[in-house]
Amino acid sequence: METRIISVAGQAIDILAGNWPMVPDKSTLIFVHGAALSKSLWTAQVEGLSDAANTLAIDLPGRNGSSAGSGDISSAGDIIADYAASVRALVDHLTIQAPVLCGLSMGGAVVQSLLINHPDAFKAAVLMNTGARLKVMPLIFESIQKDYTQHLDLVVDFAVSKKSDKKTIRNRMDTIAVSDPAVALTDFTACDRFDAMGGLEGITARVLVVAGKEDNITPLKYSEFLHQHIADSELIVLEHAGHLSVLEQPDQVNQILREFVLNKALRV
């Protein structure tokens, strides 16, 4: 794996790549992280799937080496659209011919925005632990503003399955979560404002929806709604996973993604 900062039209975009330079005849999986997280969320996928596809995890604006975004939480600006524009700019800059998007939670909102607004550019995608709306509990905002460390404790306690190793996942959060509460606040504000319910039926891409059966943040009904309203979609439910399924069941997630990208994503 390799970490690189790519300059795209004056904007810095921090990526984690499984293959660099990318292999021309392989599909490219582009991973988009969730709110208050970073590209390191996807380490197991970037590394574990690099034989099946080019794998890129992107840091959205405002974290690590990526430039700050233009989203202003004090205005009516569309922060998700800003984040989506960064992903689209990277895809265009690297001239990726057949990108397969994969987004978790807020990353899933970014992916939905791209599928709805750029149907010709993105033919396949994975939506994980996400929904067409992502209303945020007031407690999330309160915990970020009051005690950010306690907020991370709260997320793990509430978000992951009871059968997952919460201690290990909490330790991982220290390396994959943003350190600046202001960035976390921006991300969750973006989630709270997000609404793609009216655009799902216009999605023409082949979509795999992956849900955690024990997800308390985006319950299973959110994924079922996506599946019901996106024409060319498939739904897979992980029985013993919560909201952070890529950390809770990385091997199973990798198997699912491998099958999709190799056999289903870009088939004619």
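Colleague: What is the order of the strands in the open sheet, and what makes two strands count as a pair?

Modeller: The order is S1-S2-S4-S3-S5-S6-S7-S8, an open sheet of eight strands with mixed pairing. Two strands pair if DSSP finds at least two bridges between them, and the strands themselves are DSSP runs (E, at least two residues), as helices are (H or I, at least four residues), both numbered from the N terminus. Please keep in mind that this is a predicted model, in which local features need pLDDT of at least 70 and side-chain atom pairs count only at pLDDT 80 or more, whereas totals for chains, interfaces and linings use all residues. Residues are numbered from 1 along each chain as its sequence is written, and side-chain values use heavy atoms, with hydrogens and water left out.

Colleague: Why are S1 and S8 said to stand at the edges?

Modeller: S1 and S8 (233–238) each have a single partner strand, so one side of each is left without a neighbour in the sheet. From one strand to the next, the twist averages 20°.

Colleague: Why is S2 called largely enclosed?

Modeller: Buried means under 20% relative accessible area, with exposed being over 50% and partly exposed in between (1.4 Å probe, protein chains only). Seven of the seven residues of S2 (residues 11–17) are buried, so this strand is largely enclosed by the rest of the structure. Gln11, Ile13, Ile15 and Ala17 point one way from S2, while Ala12, Asp14 and Leu16 point the other way, and all are buried.

Colleague: Why are H2 and H7 described as roughly perpendicular?

Modeller: H2 (residues 79–93) and H7 (residues 181–193) pack at an angle of about 110°, with their axes 8 Å apart. Axes are lines fitted to C-alpha atoms, for helices over the stretch in contact, and angles run from 0 to 180 degrees between N-to-C directions. Angles of 65 to 115 degrees count as roughly perpendicular, under 35 as roughly parallel, over 145 as roughly antiparallel and the rest as oblique, so H2 is roughly perpendicular to H7. Contact means heavy atoms within 4.5 Å, and this one is made by Ile79, Ile80 and Tyr83 of H2 and Thr186, Asp187, Ala190 and Arg193 of H7.

Colleague: How do you know that cysteine 102 is in no disulfide?

Modeller: A disulfide is a pair of cysteine sulfur atoms within 2.5 Å, and by this rule the count comes to zero. For cysteine 102, the nearest cysteine sulfur, that of cysteine 191, is 16 Å away, and cysteine 102 is therefore in no disulfide. Cysteine 102 is buried, with a relative accessible area of 0%, and cysteine 191 is buried at 4%.

Colleague: What makes isoleucine 203 count as buried, and where is this residue found?

Modeller: Its relative accessible area is 3%, so isoleucine 203 is buried, and its place is the loop between H7 and S7. Isoleucine 203 touches Leu115, Ile116 and Ile230, not counting residues up to four places away in sequence.

Colleague: What is the phi of alanine 36, and why is alanine 36 called buried?

Modeller: Alanine 36, in the loop between S3 and H1 (43–48), has a positive phi of about 65° although it is not a glycine. At 4% relative accessibility, alanine 36 counts as buried.

Colleague: What kind of peptide bond joins tryptophan 20 and proline 21?

Modeller: The bond is cis, with omega about 0°, and proline 21 lies in the loop between S2 and S3.
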